[in-house]
Amino acid sequence: MKRLPFIAGNWKMNKTVEEALDLVRSLKASLKDIKDVEVAIAPPFTALHPVSQELKGSSIHLAGQNLFWEEKGAFTGEISPVMLKEINCRYAIIGHSERRQFFGETDETVNRRIRAALNQGLRVIFCVGETLQEREKGINFLVVERQIEGGLKDLGEKAIQSLVIAYEPVWAIGTGKTATPQQAEEVHQFIRQKMRFLYSPKIAENLRIQYGGSVTPENIKSLMDQEDIDGALVGGASLNADSFSRIVRFKEM
Ligand code: PEP
């Protein structure tokens, strides 16, 4: 069985509303014939609603970059899963390393966010990955294993079907250093094996695992050629319509 490739663009804290609309219009035009790859973009919160309007009738999906686990209430600065659903977000990115590194995100808070998102019918792009120090110590598999066990705690088989895992080695994010296809593939294999053990062979087989970390039009093909790499979570190269479209069109290379 071949899983449907999934390419998602994480715009992080970039693009005003006007810039976001420009980019999304260009993407709609350059990707309108794409059928065999799922595509999603994650603009900053201020641009989500206008981008959602612009995406009506397009096959490009919308994603939030984060969310909080409560539905509503006195949580200044937070966004709830219900709010993301209302404006047609299909996905939420949860546990991105920048959230873990700069905003105190832990496996436990990642787990609460994932559960809240799935309960509200959102799909989740769950990010895991080791730092350079952890890789150099040889504990990268252990770290990823701990993140998966913590992040997915108490989640049943049904919920897992709406989950995508993004393996993003922190040392490769925004640094121009990509993991080699072999380095990425061995961790993707490990993640699939772990999911087989935690859930079932069927869940593991159907699970899409994206690679993230300095993905470009130049390196996407060799990454996607790997058996267990099913897509990419793209940061920097998703901010430009030409480079993101070329990544989505990796099959044409
Ligand atoms: C990311 O932050 O998810 C990411 C992969 O960024 P970049 O592509 O810029 O390394």
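Which polar backbone atom is 2.8 Å from an oxygen atom of the ligand? I looked it up, and the backbone atom belongs to G235. I note at the start that this is a predicted model.

**Entry: cover on the ligand**
I checked how much of the ligand the protein hides. On its own, the ligand has 290 Å² of accessible area, and the protein covers 95% of that.

**Entry: the shell**
Next I listed the neighbours. I found 15 residues around the ligand. K12, H96, E168, G174 and S214 are the closest. I then sorted the shell by class. Eight of its residues are polar, four are nonpolar and three are charged.

**Entry: side chains at the ligand**
In K12, a side-chain N or O atom sits 2.5 Å from an oxygen atom of the ligand. In H96, a polar side-chain atom lies 2.7 Å from a ligand oxygen.

**Entry: two helices**
I moved on to helix α1, residues 17-30, and helix α2, residues 45-54. How far apart are their axes? I read 9 Å, with a packing angle of about 35 degrees. The crossing of α1 past α2 is right-handed.

I then asked which residues make this contact. From α1 I noted V17, A20, L21, V24, R25 and K28. From α2 I noted T46, A47, P50, V51 and E54. By class, I counted seven nonpolar residues, three charged and one polar in the contact of α1 with α2.

Key
Residues are numbered from 1 along each chain as its sequence is written. This is a predicted model: local features need pLDDT of at least 70, side-chain atom pairs count only at pLDDT 80 or more; totals for chains, interfaces and linings use all residues. Side-chain values use heavy atoms; hydrogens and water are left out. Axes are lines fitted to C-alpha atoms, for helices over the stretch in contact, and angles run from 0 to 180 degrees between N-to-C directions. Helices (H or I, at least four residues) and strands (E, at least two) are DSSP runs, numbered from the N terminus. A crossing is left-handed if the near helix is turned anticlockwise from the far one by less than a right angle, and right-handed if clockwise. Contact means heavy atoms within 4.5 Å. Ala, Val, Leu, Ile, Met, Phe, Trp, Tyr, Cys and Pro count as nonpolar, Asp, Glu, Lys and Arg as charged, and the others, Gly among them, as polar. A residue is near a molecule or strand if one of its heavy atoms lies within 4 Å of it. A polar contact is a pair of N or O atoms within 3.5 Å; within protein, one must be able to donate a hydrogen and the other to accept it, and residues adjacent in sequence count only if both atoms are side-chain atoms. Accessible areas come from the Shrake-Rupley method with a 1.4 Å probe; for residues, only the protein chains shown count as cover.
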